Amino acid sequence: MLIGHFNYWIVVVLMMIGLYIVIAHGNLIKKIVGLVIFQTSVFIFYISMAKVDGGTAPILADDISQYSNPLPHVLILTAIVVGIATTALALSLVVRIKEEYGSIEEQKIQSQDNLSQDKLSQENLSQDNKILVNQSQINQYQTSQAQENQIQEYQQDGKHR
Amino acid sequence: MIAHFPILQVIIPLMAAPICLILKRPKLVWLFALIVSGLAFSISILLLQQVMTSGVISYELGGWQAPWGIEYRIDKLNAFVLLIITAISTIVLFAAQTSIEKEIPKNKHTYFYVLFLLSLTGMLGIVATGDAFNVFVFLEISSLSAYALIAIGKDKRALWASYQYLIMGTIGATFILIGIGLMYQMTGTLNMQDLSQRLPEVAQTRTVFTAFAFVIVGICLKLALFPLHLWLPNAYAYAPSIVTAFFAATATKVAIYLLIRFTFSVFGLSFSFTTIPLQTLFMALGLLGIFIASTSAIYQNNIKHLFAYSSIAQIGYMIVGFSLTTVAGLTATLLHLFNHALMKSGIFLALAAVMYRIGNVQLNSFYGLGKQMPLTMAAIVIGGLSLIGVPLTVGFISKWYLLVALLEQGWWPVAVLILLGSLIAVIYIWRIVEVAYFKEPLLNNKPVKEAPLYFLIPIWTLIIANIYFGIDTRLSVQVAEAAAMSLFEVTP
């Protein structure tokens with residue numbers, strides 16, 4: 001049971017490791033790494049599924065009668081291509097996120113989004129328009145200050161590391 | 001020529017996408033994409049006609065016979081869904097050029113159309129194909145272009161939303177891939193028709209249970225079924241408006257189609273609903289989705305956010321109808337598929353028009369907008385009434401069929417809950433109506449003009465369709481009923 005299904009045990013372990021990384025880590029690159037491990041486990045699953053004991057590569061030859069099933073291998077080639085495309089897209093998104101937010105940590109990105117949302121909801125609360133103008137200007141100023149402070153913090157963090 | 005329609009439907013947008021890159025000039029590309037989408041639309045009409053009169057169309061790709069080669073199989077169900085997708089994409093594309101002017105950087109306009117057509121290809125492919133692995137491939141084509149489309153705009157929050165969607169979507173698609181692999185392991189086939197014949201023999205094995213669980217969870221992630229909906233609100237709210245209008249009306253519908261296809265056609269009715277208490281599970285999740293998402297919608301100040309939550313609630317209604325597993329229930333789901341596509345794309349296009357004129361869709365920008373943009377706001381109101389389910393709109397028709405289906409089974413407590421859910425919709429629609437019509441514009445808000453014709457024509461086409469199909473229900477009900485019956489294999 002344990003040895004006969006060795007491949008499948010590996011698949012399950014890898015799959016769980018991958019999913020755990022995606023869920024547990026806040027760093028966007030690490031999340032992608034987790035996703036790739038998760039996808040790779042599925043590739044291994046397809047490949048081991050098609051292996052026939054004692055079977056060889058499906059090339060016609062005189063003294064061979066048993067072949068492995070080539071179809072899942074072909075299928076998984078397609079899935080690998082899809083996986084690469086996904087990874088490439090995810091990485092390029094991370095590059096853009098880094099450009100816009102100045103960070104690739106989930107928490108810091110979330111907090112920046114929340115800041116901009118708070119600003120908008122405060123605008124909603126104040127009905128008086130003249131105050132609204134001033135208020136929003138102040139808010140804008142405050143948020144930009146806060147963002148600057150954050151960026152400085154990151155830079156300092158980087159130096160310490 | 002007619003024999004090749006099932007593949008042409010998918011191939012035409014696929015081929016057109018790279019041609020867009022050659023044409024280069026945005027105006028030209030827009031016209032080209034519009035024509036391509038219109039072509040796909042007319043093919044889908046012809047396909048639906050053909051299916052309604054002469055039954056299932058089976059197309060063998062490259063001449064390889066069905067269980068070995070890839071088969072495209074058009075029956076009443078997918079002809080109906082194809083029609084919905086192509087119709088919405090054509091109407092939405094009409095407004096695209098004007099809308100993206102302000103929301104997408106100039107140098108990316110051509111890419112927008114390329115991605116749009118690829119996404120369309122993916123969705124059409126998922127629906128048209130009769131091969132389980134093909135579903136996965138097309139799912140990824142449509143999803144990958146969807147992630148890029150969401151992130152293409154100027155709003156930086158869209159990047160983060162798109163990233164989250166990518167993670168969730170990829171996990172969902174990989175789950176489906178695992179499920180398909182397990183099914184292949186047990187049956188040695190990928191053809192849906194063939195699978196449905198071979199699965200019953202091995203139905204009581206743990207492998208098939210696992211396959212079923214993986215496929216269902218994977219699809220539900222794509223479907224944004226509560227509680228797997230977390231990617232949806234931000235993705236819809238921060239994407240360029242035109243993208244939101246397209247996806248809100250089509251992307252989740254395609255996932256619902258997949259759910260129906262896998263549970264009814266591939267795994268078969270008796271397996272799907274007896275081995276796992278799917279009925280209770282979906283009923284509960286559907287109802288929870290309706291209430292929690294509708295309630296969240298009330299508290300949103302970004303109107304696109306508001307309607308994104310409302311979309312999740314509407315998916316709840318479809319799932320409730322689906323969980324009944326009766327012809328009437330499934331008819332209600334299919335009807336709502338069609339009707340919800342009409343109202344949501346109408347509303348989101350109107351929001352795109354607001355976005356075009358004002359630059360944001362925060363609630364406080366809507367103060368007094370009823371006088372400044374009367375036609376656009378009227379469209380939102382009619383679309384909203386349709387969401388609530390007021391008579392003479394399509395929303396009423398689908399709610400009515402859903403209630404009848406529920407009462408037929410004697411599930412009146414659920415029927416009461418559905419009605420209560422609609423009342424919550426009244427609250428969030430009213431918030432918009434109140435500020436738009438009964439409040440003076442804020443001094444801070446610059447006065448604006450009515451939206452340009454490029455918006456008004458598609459918006460009002462959809463809104464008039466909302467009213468038309470709310471009165472003359474022959475077409476939609478007939479097709480939905482026939483599709484539901486064919487899934488239960490009941491002869492009318």
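**Exercise 1. Find what share of chain A is buried.**

Start with the test: a residue is buried if 20 or more other C-beta atoms, placed from the backbone, lie within 10 Å of its own. Of the 161 residues of chain A, 20% pass it. Bear in mind that this is a predicted model: local features need pLDDT of at least 70 and side-chain atom pairs 80 or more, while totals for chains, interfaces and linings use all residues. Residues are numbered from 1 along each chain as its sequence is written, with chains lettered from A and ligands numbered from 1 in the order in which they are written.

**Exercise 2. Work out how helix 3 and helix 19 of chain B are arranged.**

Helices here are DSSP runs (H or I, at least four residues), numbered from the N terminus.

Next, take the axes, which are lines fitted to C-alpha atoms over the stretch in contact, with angles from 0 to 180 degrees between N-to-C directions.

Then look at who touches whom, contact being C-beta atoms within 7 Å. Helix 3 of chain B contributes residues including Ile91(B) and Phe94(B), and helix 19 of chain B residues including Tyr454(B) and Leu462(B).

**Exercise 3. Decide whether Met355(B) is buried or exposed.**

Begin with its place: helix 14 of chain B, residues 327-358. Now count: Met355(B) has 23 C-beta neighbours inside 10 Å, so it is buried. Finally, list its partners beyond four places in sequence: Glu103(B), Ser241(B) and Val361(B).

Notes
A residue is buried if 20 or more other C-beta atoms lie within 10 Å of its own, exposed if 12 or fewer, and partly exposed in between; C-beta atoms are placed from the backbone. Helices (H or I, at least four residues) and strands (E, at least two) are DSSP runs, numbered from the N terminus. Two residues are in contact if their C-beta atoms, placed from the backbone, lie within 7 Å.
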